[in-house]
Amino acid sequence: MQPWKYRVTFPIFFVGDQLTSITQLFVDFSILISAGYAPDYVQVIFYNIPAIIRIIQCIKRYHEKFEAYPHLVNMFKYISSVPGSLLL
């Protein structure tokens with residue numbers, strides 16, 4: 001899935017949305033795999049991967065249609081989730 005290279009179609013948009021919904025699963029999986037020995041920044045990276053994908057998709061969709069609403073609004077929504085991951 002390369003949201004920065006190709007046009008964002010509905011299936012790619014849908015997969016990005018579903019990945020955002022299961023973010024906690026990524027964090028739990030990283031803890032399970034590392035048995036708790038991984039540094040905290042690894043968990044933060046796993047937590048932010050779906051949000052970063054969605055941010056890139058929103059930017060790409062804005063450049064395709066030049067509609068601030070809903071694309072830029074959604075982008076800021078996902079950007080605001082990134083600082084919250086530092087509180088893990």
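**Aromatic pairs.** I searched the whole structure, a predicted model, and found two aromatic pairs. Rings of Phe, Tyr and Trp (its six-membered ring) pair if their centres lie within 6.5 Å; planes under 30 degrees apart are stacked, over 60 edge-to-face, and the rest tilted. I looked up one of the pairs: tyrosine 62 and phenylalanine 66 have ring centres 5.9 Å apart and planes at 75°, so they sit edge-to-face. Tyrosine 62 is partly exposed, with a relative accessible area of 24%, while phenylalanine 66 is exposed at 60%. My cut-offs: buried is under 20% relative accessible area, exposed over 50%, partly exposed in between (1.4 Å probe, protein chains only).

**Arginine 54.** Next I found arginine 54 in helix α3, residues 40–65. Helices here are DSSP runs (H or I, at least four residues), and strands (E) need at least two, numbered from the N terminus. Is arginine 54 buried or exposed? I noted that arginine 54 is buried yet has no salt bridge, a bridge being a side-chain nitrogen of Lys or Arg within 4 Å of a carboxyl oxygen of Asp or Glu. The nearest side chain of opposite charge, aspartate 17, is 4.2 Å away. Beyond neighbours within four places in sequence, arginine 54 is in contact (heavy atoms within 4.5 Å) with Phe13, Gly16, Asp17, Thr20 and Tyr78.

**Whole chain.** I counted four helices and zero strands. Of the 88 residues, 25% count as buried.

Residues are numbered from 1 along each chain as its sequence is written, and side-chain values use heavy atoms, without hydrogens or water. In this predicted model, local features need pLDDT of at least 70 and side-chain atom pairs 80 or more, while totals for chains, interfaces and linings use all residues.

Methods: Lys, Arg positive; Asp, Glu negative; His and termini not counted.
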